[in-house]
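Hello,

Here is the structure I promised to pass on. Please open it and keep it beside you as you read.

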Amino acid sequence: MTGEIPCVAGTADMWFSDVPADVDRARGLCLGCPVRRECLVGALERGETCGVWGGELFLAGLPVPAPKRNGRPPKNAAVLEAQLHQQMTMRIDAVLQSA
Ligand code: SF4
């Protein structure tokens, strides 16, 4: 069973990386995880302080839409942030309802 769980099968470093590309890759690997829902529910209940859990990035106890990127933010950063937040909320709702 553990062989099917990506963060257990290899190193879990990517799930706790500060590198946005690593975070994106970890989130992608979570999508096929057989315990994704349980993992996400547990992380939400515990208020995980960091890392990728159930396909979502957690910081300071809450899921966040995306890792912080270096460089100057785009002019429409607030709009993009709102869109990413809405997409994240829809993803989480879909996973939680997939029992
Ligand atoms: S959903 Fe949870 S258990 Fe599965 S790979 Fe992602 S972090 Fe690991």
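This is a predicted model: local features need pLDDT of at least 70, side-chain atom pairs count only at pLDDT 80 or more; totals for chains, interfaces and linings use all residues.

The ligand comes first. There are 14 residues around it, and those that come nearest are Cys 7, Cys 30, Cys 33, Arg 36 and Cys 39. Which elements supply at least two residues each to this shell? They are helix 1 (6–9), helix 2 (20–30), helix 3 (36–46) and strand 1 (50–53). By class, the shell holds 11 nonpolar residues, 2 polar and 1 charged.

Next, helix 4. It covers residues 77–96, which makes 20 residues. From first C-alpha to last it reaches 28 Å, close to the 28 Å expected at 1.5 Å a residue. Helix 4 is hardly covered: its count of buried residues is 0.

Now look at where helix 3 meets helix 4. Their axes come within 9 Å and cross at roughly 115 degrees. The crossing is left-handed. Helix 3 brings Arg 36, Arg 37, Leu 40 and Val 41 to the contact, while helix 4 brings Ile 92, Val 95 and Leu 96. These divide into 5 nonpolar residues, no polar and 2 charged.

Last, find Pro 63 in strand 3 (residues 62–64). Is Pro 63 buried or exposed? It is buried, because 21 other C-beta atoms lie within 10 Å. Leaving aside neighbours within four places in sequence, Pro 63 is in contact with Glu 56, Leu 57, Phe 58, Met 88 and Ile 92. Pro 63 and Val 23 are 40 residues apart in sequence and 13 Å apart in space, C-alpha to C-alpha.

Best wishes

Technical notes:
Residues are numbered from 1 along each chain as its sequence is written. A residue is near a molecule or strand if its C-beta atom, placed from the backbone, lies within 6 Å of it. Helices (H or I, at least four residues) and strands (E, at least two) are DSSP runs, numbered from the N terminus. Ala, Val, Leu, Ile, Met, Phe, Trp, Tyr, Cys and Pro count as nonpolar, Asp, Glu, Lys and Arg as charged, and the others, Gly among them, as polar. The expected span of a helix is 1.5 Å times one less than its number of residues. A residue is buried if 20 or more other C-beta atoms lie within 10 Å of its own, exposed if 12 or fewer, and partly exposed in between; C-beta atoms are placed from the backbone. Axes are lines fitted to C-alpha atoms, for helices over the stretch in contact, and angles run from 0 to 180 degrees between N-to-C directions. A crossing is left-handed if the near helix is turned anticlockwise from the far one by less than a right angle, and right-handed if clockwise. Two residues are in contact if their C-beta atoms, placed from the backbone, lie within 7 Å.
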